[in-house]
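Here are my notes on this one, as numbered points. Have the model open while you read.

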Amino acid sequence: MNQQKLTSFLLLILILASFFHIQAIALGIALVIILLPMDQQATAIKMARLFLFLMLPVVLGLLVGFENDTYLIFKDFYYFTIPLLFITAGIVMACRLTIDQFLKTLIYAGVITSIVVTCISISYIGFGALTDPYSAHYAMGIVGTPGPPVALACLLLTRKFNIRLFRPLWFNVFTAINVMGIYMFASRTYLIITLCFLLLLIADRVKRLWIPPVILLLVIAFTLIPFDALKVNSDGTFMGKILGSFSEVSIGQYTSEQDINMQYRGYESFMALKGYTEGDTKNWIFGGLGKLIDLKTFVRLGEDTDFQFIPVLHNGWLYILVKTGIIGIIVYAAVFLSLIIINWRKYADSSSPPIIRLFSALAVGCIISLLLTNYIVTAFFNVEMSILMITLGYSYLNFNSLVFKQKEREEALQIEFESPSFI
């Protein structure tokens with residue numbers, strides 16, 4: 001097995017490991033991919049230096065929280081290294097896998113996970129799962145990977161830019177299977193990711209650079225509206241969960257145990273924000289690794305287990321705020337919003353080569369998906385979202401490499417045009 005096939009196989013296994021939430025295997029494979037010898041390894045890893053800035057607030061948070069429990073400090077440090085590890089793995093893959101191999105592997109992963117989740121759902125509750133995937137989703141537990149949304153994005157974007165990966169028959173089959181996979185996962189998070197990429201298919205017609213960041217900020221601000229203003233009585237169906245999504249994660253006032261249980265994600269965010277504002281200046285600025293969030297009451301978070309103090313949150317932005325302070329929020333926002341703006345310019349430019357526009361679209365889609373779902377499932381620190389971070393890393397290196405080569409060609413043509421022999 002040559003290095004390209006080995007890397008493609010490892011990527012497929014990594015995605016399947018994240019599907020079953022086997023974190024150790026997924027992280028181990030990402031590390032193996034980074035460490036496998038290759039000629040351009042040092043250059044590839046050097047390209048990851050932009051994302052090293054994400055570790056700066058972590059180091060500062062470590063200095064402030066050094067008196068906290070050592071295990072909790074290491075646990076937080078582990079979570080904050082997850083995005084750096086998977087993005088770097090994606091960058092290294094860009095030096096090992098050709099573009100068609102990488103995209104095909106993502107599509108195959110989406111097809112496999114779509115088939116697996118469908119088969120598991122049917123095995124749990126029968127063929128009724130086909131009409132009620134949400135019940136099967138909870139019967140088998142929360143497992144999954146956004147492989148189908150990413151695979152669908154690769155299929156539709158390559159079609160948009162006339163990049164042919166498969167014959168029309170297989171294109172239609174793989175598209176249908178991945179759409180079925182998104183449906184069978186019955187996940188609001190995966191629907192958000194799918195919507196982010198679908199909007200990109202038409203968003204390049206809008207030339208204004210400020211639109212994506214403004215949409216992102218509006219969505220986040222909207223979820224901060226007190227949940228009483230958006231309260232929806234869930235009927236236990238997937239549609240009921242969708243309608244109640246804003247009330248579930250929004251921060252508001254909690255006057256009873258029922259409020260806490262029904263809107264737990266919002267409650268833990270409320271208590272995290274309350275604990276943060278009660279800290280001193282250094283905690284406001286730098287946070288503190290290892291810090292626990294006091295819920296002020298015992299909440300059932302596991303089988304026969306009640307917790308008052310929790311180390312992590314569903315809301316990844318408040319997790320960053322508590323652990324690394326306002327510095328962490330600024331650094332994360334600066335790194336990823338700057339990437340959105342840079343990539344958006346090329347994506348919205350119809351004169352750019354299709355392959356550059358493809359990678360700029362994938363990068364923007366992955367970043368916006370991570371920024372939004374980080375508000376719900378700590379996406380940056382969740383191995384389940386590894387496929388988004390790997391795709392971002394792969395797209396980041398290819399985008400920069402292709403743009404650099406395009407600039408070199410344009411400069412060479414300009415020099416040739418201006419030379420005396422040409423005149």
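1. The axes of helix H7 (residues 99-125) and helix H9 (residues 147-160) approach within 8 Å and cross at roughly 135°. Axes here are lines fitted to C-alpha atoms over the stretch in contact, with angles from 0 to 180 degrees between N-to-C directions. The pair therefore counts as oblique (under 35 degrees is roughly parallel, over 145 roughly antiparallel, 65 to 115 roughly perpendicular, the rest oblique).

2. Who makes the contact (heavy atoms within 4.5 Å)? From H7 come Leu-103, Leu-106, Ile-107, Gly-110, Thr-113 and Ser-114, and from H9 Gly-147, Pro-148, Val-150, Ala-151, Cys-154, Leu-155 and Thr-158. That set splits into eight nonpolar, five polar and no charged residues; Gly is counted as polar, and Cys and Pro as nonpolar.

3. A caveat: this is a predicted model, with local features needing pLDDT of at least 70 and side-chain atom pairs pLDDT 80 or more, while totals for chains, interfaces and linings use all residues. Numbering starts from 1 along each chain as its sequence is written, and side-chain values use heavy atoms, leaving out hydrogens and water.

4. H7's length checks out: 27 residues at 1.5 Å a residue should span 39 Å, and the end C-alpha atoms are 40 Å apart, which agrees (the expected span is 1.5 Å times one less than the number of residues). Just after H7, Gly-126 has a positive phi of about 85°.

5. Look at Ser-350 too, in the loop between helix H18 (316-348) and helix H19 (354-377). Ser-350 has 58% relative accessibility, so it counts as exposed (over 50%; buried is under 20%, partly exposed in between, with a 1.4 Å probe and protein chains only). Its C-alpha atom is 8.2 Å from that of Asp-204, 146 residues away along the chain.

How values were computed:
Helices (H or I, at least four residues) and strands (E, at least two) are DSSP runs, numbered from the N terminus. Contact means heavy atoms within 4.5 Å.
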